[in-house]
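Biologist: Can you walk me through where the ligands sit? Please keep it simple.
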Amino acid sequence: MYKKKTCKYSLKKLNTFNINVNASKIVQVKELKQLCLLYNKYKKKNFPCIILGEGSNVLFLKNFYGLVIINRIKGIYISESKKYWNLHINSGENWHKLVKFTIKNKIYGLENLALIPGRVGSAPVQNIGAYGASIQNFCEYVDIINPSSKKIKRINKKKCNFKYRDSIFKYSYKNYIIIAVGLSLSKKWVPNLNYNDLKKLKYSNITPQLIFNYICNLRKKKIPNPKIYGNAGSFFKNPVISHILGFKLLKIFSDMPFTLEKNNFKLSAGWLIDKCKFKGYIRKGVMVYPRQSLIIINKFNNSSGMDILKLAIKIYNAVGKKFEVWLEPEIKIIGNYGEINPYIFFKKIR
Ligand code: FAD
Ligand code: EPU
């Protein structure tokens, strides 16, 4: 069994919120065999285990009494057909480096997803997305392993159930680990400039490199660098609500931004948070980032996970009361023994 007093290895540099918590054991793995051996050894001892890429989508509330596996299993393998480049990427590769690598090798399509932190293996979990693209647009399959049985399964794109910030990997295959991702990129490049901020790039000689540069600059202006201000990107998802509630809200808030998704309204959580006057709000060193209200920062990098969670709950309650819209956290919350169901903390008030 795990012992609380031996929980002495720091996770501060391994989570982008820069929360100062410890784990009982932290091991970086570079090979699949090593990952399976380790996992089984600690599972036998009844140790809780979690796998992390760069910890850029997690909030540690407390010390973690278990094993943290840091995935650095690398390798990029390219093959081609007449129309496509096919990439098989091991899950410990850095996502942004992959995007740069593809563009350097004249393989285009991932430029809209530049500068998203994290490793390739985490990318399908929440179907990472930005600037009108998401990994589901390119993903052919996800390879997973059950480390106990060493059984490997290939999950084809349809079975991944990709949706906005969602996939099957959040619900099923909990005992599996993503070991590789297969992407397919068309040899015929078509720029993806549908996102509002990119419309000004609609000129004839636009290139993937120009889109890449533009998005990197835009992100650097809007999104805080976790090395300076701890954060995990958007704390909440943009809510999708019924058209009935959407029209009701539009009658009261005629300037409310929204997009139509099938029969539903997708709202901007940042705008809802602004309307509740949280932009720039700070308490106990935890701040709503003034340039992007969806991002909560650990301004002095010395706040606790609980301080961050408390502000998030305050925002959730305020937005819920004002708009009848109950935000859903995007990030994963981790406690003493593993992931905690967020709905323990985020409860609708009637
Ligand atoms: P981690 O935080 O390490 O892990 C996230 C979850 O995935 C955990 O539950 C973990 O256990 C699980 N996991 C990790 N590896 C594996 C594996 N191999 N197998 C199974 N499960 C695994 N996201 C977007 O979608 N779009 C954005 O524009 C965006 N911008 C961001 C900007 C900033 C500054 C930050 C800090 C975050 C941003 N994010 C964004 C969120 C984050 O980048 C993504 O969620 C990313 O995919 C997380 O990668 P990671 O390796 O750090 O995952
Ligand atoms: N807005 C505000 N106030 C704010 C922020 C946004 O009013 O403080 C409104 C504005 O109307 C703005 C619109 O929201 O035009 C959209 O803002 P932005 O382009 O910054 O995008 P977002 O919807 O706030 C989403 C993703 C980001 C992703 C960007 C770019 C979610 C939860 N977040 O943010 O992803 O980088 O779009 O595509 O979908 C992440 O998931 O961690 C993340 C950073």
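Modeller: Take ligand 1: one of its oxygen atoms is 2.6 Å from an N or O atom in the side chain of Ser56. That's a polar contact (a pair of N or O atoms within 3.5 Å; within protein, one must be able to donate a hydrogen and the other to accept it, and residues adjacent in sequence count only if both atoms are side-chain atoms). This is a predicted model, where local features need pLDDT of at least 70, side-chain atom pairs count only at pLDDT 80 or more, and totals for chains, interfaces and linings use all residues. Residues are numbered from 1 along each chain as its sequence is written, chains are lettered from A and ligands numbered from 1 in the order written, and side-chain values use heavy atoms, without hydrogens and water.

Biologist: Which backbone atom lies 2.8 Å from an oxygen atom of ligand 1?

Modeller: A backbone N or O atom of Pro117. Gly129 has a polar backbone atom 2.7 Å from a nitrogen atom of ligand 1.

Biologist: Why does ligand 1 lie between two domains?

Modeller: Domain 1 (4–71) and domain 2 (76–222) both give residues to its shell, so ligand 1 lies between them. The domain bounds come from an automatic or database domain assignment.

Biologist: New topic: which side chain has an N or O atom 2.8 Å from a nitrogen atom of ligand 2?

Modeller: That's Asp274. Lys279 also has a polar side-chain atom, 3.0 Å from an oxygen atom of ligand 2.

Biologist: And which domains give residues to the shell around ligand 2?

Modeller: Domain 2 (76–222) and domain 3 (240–344) both do, so ligand 2 lies between them.
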